[in-house]
Amino acid sequence: MSTLKTEAVSVRVEPHIKSALQISAEREMRSLANMIEVMVVEYCRAHDYPLDGVPTDTLPAAKRRKTP
């Protein structure tokens, strides 16, 4: 079991954004928090942002997009 501490993030979004996030999480059988983590990792990989502290085997299917 991991002994790493997690940090809380609180954001305010419009109701339709929250609804879309909840629906996405339910379809993926994820919690809201995990769905947000997945989205952030996928976005960062797609845009070549550094992911310091995120193991490379985390979401291996999240590929970088090809630049033209």
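Me: What makes a pair of side chains a salt bridge, and how many does a search of the whole structure find?
Reply: A salt bridge is a side-chain nitrogen of Lys or Arg within 4 Å of a carboxyl oxygen of Asp or Glu. By this rule, a search of the whole structure finds 1 salt bridge. The structure is a predicted model, in which local features need pLDDT of at least 70, side-chain atom pairs count only at pLDDT 80 or more, and totals for chains, interfaces and linings use all residues. Residues are numbered from 1 along each chain as its sequence is written, and side-chain values use heavy atoms, with hydrogens and water left out.

Me: Why are the side chains of R30 and E28 said to meet in a salt bridge?
Reply: The N to O distance between R30 and E28 is 3.6 Å. Because the limit is 4 Å, the pair qualifies as a salt bridge.

Me: Why is R30 called partly exposed?
Reply: Buried means under 20% relative accessible area, exposed means over 50%, and partly exposed lies in between (1.4 Å probe, protein chains only). R30 has a relative accessible area of 29%, so R30 is partly exposed.

Me: What secondary structure does the chain have, and how are its elements defined?
Reply: The chain has 2 helices and 0 strands. Helices (H or I, at least four residues) and strands (E, at least two) are DSSP runs, numbered from the N terminus.

Me: How do you know that the span of α1 is close to the expected value?
Reply: The expected span of a helix is 1.5 Å times one less than its number of residues. Helix α1, residues 15-27, has 13 residues and reaches 18 Å from its first C-alpha to its last, close to the expected 18 Å. Helix α2, residues 32-46, has 15 residues and reaches 21 Å, close to the 21 Å expected.

Me: Which residues of α2 are buried, and against what do they pack?
Reply: In α2, the buried residues are M35, V38, V41, C44, R45 and A46. These buried residues of α2 pack against α1. Across the chain of 68 residues, 13% count as buried.

Me: Where is V13 placed, and why is V13 called partly exposed?
Reply: V13 is in the segment before α1. Its relative accessibility is 46%, so V13 counts as partly exposed.

Technical notes:
Contact means heavy atoms within 4.5 Å.
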